[in-house]
Amino acid sequence: MKRAAIAGTGSYLPKKVLTNKDLEKIVETSDEWITARTGIKERHIVSKEESASDLGAKAAISALRQAKVHASEVELIIVTTVTPDMFFPATACIIQDKIGAINAAAFDLNAACSGFVYGLSVAEQFIKTGVYRRVLLIATEAMSRVADYTDRGTCVLLGDGAGAAVIVPAEDDEKGILSSWLAAAGKYGNLLHVPAGGSRMPASHRTVDEHLHYMKMEGPVLFKVAIKSMVEAIKKVLSLLSISPEELALVIPHQANLRIIKAVAKGVNVPLEKFYINVDLCGNMSSASVAVALDEALKKGRIKSGDLVLLVTFGAGLTWGSCVIRF
Ligand code: ACO
């Protein structure tokens, strides 16, 4: 079986930037509090006209360009999002139309913040089995659309953006996705969720009045679970591959909170300098966080040929997981 490899990446962040100073005018908070507790300074926010598919299409076009793959050659589009344009059709189908990928099958995958890592693993299976040779994976999120700008405990954390990757059979047997490790614990679903709008609690005047269409989060509990889960995910995938942490060139973690990233680095004994961090400028973009960070790291030359890179994530579901790629 051929290994799957990343042939190109792309990302897109909406133009509008919301700073901590801007948030001081919206909720009772301060730049000092947000910076000290989360490491976030600013985040990008969609305009009124933009939605997840617009961001995703832009990231996809740039990934395809880099991979030198024409949209018509794409055989499968996987979109990871918790903020789809609408219930249905799938945002993957909307993006398929926007970019002209007329020959692609398309579906959405919801693993919340772990979406990109889950999606890579799904794409990898299609490539390895030879079913497809060109898979376009897009992580796109308009988290500001589910942010409650009257709740200072959550709205300061979230940002919007999209990242994409083109997955193809590896030309070099030594390179590509080496292994993934995925996990979930549905019993903790209520720690992080949007209660209304689905079939459990359809939209009504009451759900709107009670702000039930926004993200609710048990922050301090999740803080501890996030660290434990990401440390576990790193250790599991390294042990599957019999790789030691010292062999890693770069770790790209989910960008929920700088304090979480620091604790994970300590937990796996990898220097913080080996962790790619953009939470300061992007906030938490759910599944798009790892995707955008990967594209930035490649464009900034933080990843060289032959490097071992580990992606690790954690999010609603709960879901968590990791993936090791040799570039
Ligand atoms: N500005 C000022 N004060 C605030 C703010 C704010 N924005 N938010 C909360 N506070 C206050 C609280 O009201 C509380 O005040 P009190 O002591 O008077 O009651 C105090 O600050 C401390 O609040 P905590 O919630 O205990 O603060 P904590 O240090 O835990 O930080 C945070 C909160 C940043 C949310 C943290 O718990 C966290 O990052 N949790 C994990 C989030 C996460 O990983 N989510 C999963 C991913 S989410 C996703 O990916 C979509």
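Which strands and which helix do the buried residues of helix 8 pack against? The legends below take up this question and then turn to other close-up views.

The model is a predicted one, in which local features need pLDDT of at least 70 and side-chain atom pairs count only at pLDDT 80 or more, while totals for chains, interfaces and linings use all residues. Residues are numbered from 1 along each chain as its sequence is written, and side-chain values use heavy atoms, with hydrogens and water left out.

**View 1. Helix 8 and its packing partners.**
Helix 8 spans residues 219-241 and, with 23 residues, reaches 33 Å from its first C-alpha to its last, close to the 33 Å expected at 1.5 Å a residue; the expected span is 1.5 Å times one less than the number of residues. Helices (H or I, at least four residues) and strands (E, at least two) are DSSP runs, numbered from the N terminus. The buried residues of helix 8 are Leu222, Ala226, Ile227, Ser229, Met230, Val231, Ala233, Ile234, Val237 and Leu238, where buried means under 20% relative accessible area, exposed means over 50%, and partly exposed lies in between (1.4 Å probe, protein chains only). These buried residues pack against strand 8 (176-184), strand 9 (192-193), strand 10 (216-217), strand 12 (308-315) and strand 13 (319-326), and also against helix 9 (258-268), with contact meaning heavy atoms within 4.5 Å. Just after helix 8, Ser242 takes a positive phi of about 50°.

Leu310 lies in strand 12 and counts as buried because its relative accessibility is 0%. The C-alpha atoms of Leu310 and Leu238 are 8.9 Å apart in space, although 72 residues separate the two in sequence.

**View 2. The shell around the ligand.**
The shell around the ligand holds 25 residues, of which Thr29, Arg37, Cys113, Asn257 and Asn284 come nearest; a residue is near a molecule if one of its heavy atoms lies within 4 Å of it. Helix 2 (31-38), helix 6 (152-155), helix 8 and helix 9 each supply at least two residues of this shell, and the largest share, 4 residues, comes from helix 8. The shell divides into 14 nonpolar, 7 polar and 4 charged residues, with Ala, Val, Leu, Ile, Met, Phe, Trp, Tyr, Cys and Pro counted as nonpolar, Asp, Glu, Lys and Arg as charged, and the others, Gly among them, as polar.

Asn257 is found in the loop between strand 11 (250-253) and helix 9, and it is buried, with a relative accessible area of 8%. The side chain of Asn257 reaches the backbone oxygen of Arg37 at 3.0 Å, and Asn257 touches Arg37, Thr38, Phe223 and Val279, not counting residues up to four places away in sequence. Leu258 is found in helix 9 and counts as partly exposed, because its relative accessibility is 21%. With the same exclusion of residues up to four places away in sequence, Leu258 touches Thr38, Gly39, Ile277 and Val279.

**View 3. Backbone features in loops.**
The peptide bond from Phe88 to Pro89 is cis, with omega near 5°, and Pro89 is found in the loop between strand 4 (76-80) and helix 4 (91-99). Ser286 has a positive phi of about 50° although it is not a glycine, and this residue counts as buried, because its relative accessibility is 1%.

Note on methods: A polar contact is a pair of N or O atoms within 3.5 Å; within protein, one must be able to donate a hydrogen and the other to accept it, and residues adjacent in sequence count only if both atoms are side-chain atoms.
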